[in-house]
Amino acid sequence: MDEKLLKRYRQYASTEEAFAVLLVKKHLAQSKGYWVDVVNSRRFEMSSDSMHFRFVVGSLFKRKIHPKYPPRSDFTINGRFDERAYYLMTRALTWEAAHTDIEQQKAKQVSPLRFEIKGVRYDKNEGSKGYFRNDAPPEIKSLEKNLLDRTNPLWDVADQFLNGPEFVYEVRQARIIPHEA
């Protein structure tokens, strides 16, 4: 195993760029068969989810280099296949092939497809009226009549129906940018 490659890949895998590539692969169908080169991106700072981006802009390069993966037998010890180690090595080799291929194509001035993805994050309960959400059972909603009386045993479960902010992330646009004439 190439420990240096694995170390570099592990460092990359936790970066904003790595999550941006995953977002592109998930939301842009045209990225199939292409390497993703992220040029610019910005995450939502207040989101705990690493896949919540305001925008991701970049290029798609046709895959010309295909990584050579080691045989699965190299990851089998005493009849047990180490799936995690194999998966990690194949991801690292794929990452290395992508960067090599993209750099070679840039050096040859290959014109890539350009893309952009735009996402939004919003409070889906904004503007909601009432102390409890609309999906709360009627017996829970009846507690609204006297919010200061917490003696009712329903209050033990009522907290899960509180009408607080609930943030939702949504990709609003994922598109290929047409080439300028």
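The sections below describe a predicted model.

## Salt bridges

The model contains 6 salt bridges. One of them joins the side chains of Lys106 and Asp37, with 2.9 Å from N to O. Because Lys106 belongs to helix H3 and Asp37 to strand E1, this pair ties together parts that are 69 residues apart in sequence. Lys106 is partly exposed, at 39% relative accessible area, whereas Asp37 is buried, since its value of 13% is under 20%.

Another salt bridge is formed by Arg175 and Glu116, at 2.7 Å from N to O. Arg175 is in strand E6 and Glu116 in strand E5, so the two partners are 59 residues apart. Arg175 is partly exposed, with a relative accessible area of 32%, while Glu116 is buried at 12%.

In a further pair, the closest N and O atoms of Lys124 and Glu166 are 3.6 Å apart. Lys124 lies in the loop between E5 and helix H4, and Glu166 in the loop between helix H5 and E6. Both are partly exposed, Lys124 at 47% and Glu166 at 33%.

## A positive surface patch

Lys25, Lys32, Arg63 and Arg91 form a positive surface patch. Lys32 is located in the loop between helix H2 and strand E1, and is exposed because its relative accessible area of 71% is over 50%.

## Helix H3

Helix H3 covers residues 83-107, and its 25 residues should span 36 Å; the end C-alpha atoms are 36 Å apart, which agrees. Just after H3, Gln109 has a positive phi of about 60°.

Notes. Residues are numbered from 1 along each chain as its sequence is written. This is a predicted model: local features need pLDDT of at least 70, side-chain atom pairs count only at pLDDT 80 or more; totals for chains, interfaces and linings use all residues. Side-chain values use heavy atoms; hydrogens and water are left out. Patches are made of residues with over 30% relative accessible area and no salt bridge: like charges are joined within 9 Å, nonpolar side chains (Val, Leu, Ile, Met, Phe, Trp, Tyr) within 5 Å. Accessible areas come from the Shrake-Rupley method with a 1.4 Å probe; for residues, only the protein chains shown count as cover. A salt bridge is a side-chain nitrogen of Lys or Arg within 4 Å of a carboxyl oxygen of Asp or Glu. Lys and Arg count as positive and Asp and Glu as negative; His and the chain ends are not counted. The place of a charge is taken as NZ of Lys, CZ of Arg, CG of Asp or CD of Glu. Helices (H or I, at least four residues) and strands (E, at least two) are DSSP runs, numbered from the N terminus. Buried means under 20% relative accessible area, exposed over 50%, partly exposed in between (1.4 Å probe, protein chains only). The expected span of a helix is 1.5 Å times one less than its number of residues.
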